Amino acid sequence: DKAFKGAYNFLYAPEDPKRVGENRGYCFVNLTSPEKAKEFAAAFDKKSPEESFGAKAAQEGKTCEVLPARMESIEKSIDKLQSMKDKPKAKDKAKDKDKEK
């Protein structure tokens, strides 16, 4: 949305490992001011993807939900996301154990 151009400094939409080129259906956005965050919530919260982005939802009845971050700062959020990305997944750990046998 052009109304939010330059109003955020971080956007992360995790990939869906099961569907190449698709995201998981959620994202993290860091708005740079409380005013823009309120405007963003008013523009997107409880709206369908079609209303918000002009795109059909993968499943009927889906709506966007805007929630405040649970972390204190963008830096902590980025650190958390990076540490999650670097951690081996449970299925990868199981594969490694099988290789050791």
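What percentage of contacts in the chain between residues at least 6 apart in sequence join residues at least 24 apart? The share is 27%, where a contact means heavy atoms within 4.5 Å. This is a predicted model, in which local features need pLDDT of at least 70, side-chain atom pairs count only at pLDDT 80 or more, and totals for chains, interfaces and linings use all residues. Residues are numbered from 1 along each chain as its sequence is written, and side-chain values use heavy atoms, with hydrogens and water left out.

View 1. Of the 101 residues, 14% are buried (under 20% relative accessible area; exposed is over 50%, partly exposed in between; 1.4 Å probe, protein chains only).

**View 2. F4, A7, L31, F40 and F44 make up the largest nonpolar core.** Such a core is a set of buried Ala, Val, Leu, Ile, Met, Phe, Trp, Tyr and Cys residues joined through side-chain atoms within 4.5 Å. Leaving aside residues up to four places away in sequence, F40 touches F4, V29, L31, D45 and V66. F40 counts as buried at 18% relative accessibility, and F44 is buried at 6%.

**View 3. F4, F40 and F44 form one aromatic cluster.** The structure holds five aromatic pairs (rings of Phe, Tyr and Trp, the last by its six-membered ring, with centres within 6.5 Å; planes under 30 degrees apart are stacked, over 60 edge-to-face, the rest tilted). The ring centres of F4 and F40 lie 5.3 Å apart with planes at 75 degrees, so this pair is edge-to-face. Because F4 sits in the segment before β1 and F40 in helix α1, the pair ties together parts that are 36 residues apart in sequence. For F40 and F44, the centres are 4.6 Å apart and the planes at 45 degrees, so that pair is tilted. F40 and F44 are four residues apart in helix α1, and are therefore separated by about one helical turn.

**View 4. K46 has a positive phi of about 65 degrees although it is not a glycine.** Most residues other than glycine have a negative phi. Look for K46 in the loop between α1 (34-44) and α2 (49-53); at 59% relative accessibility, K46 counts as exposed.

Notes: Helices (H or I, at least four residues) and strands (E, at least two) are DSSP runs, numbered from the N terminus.
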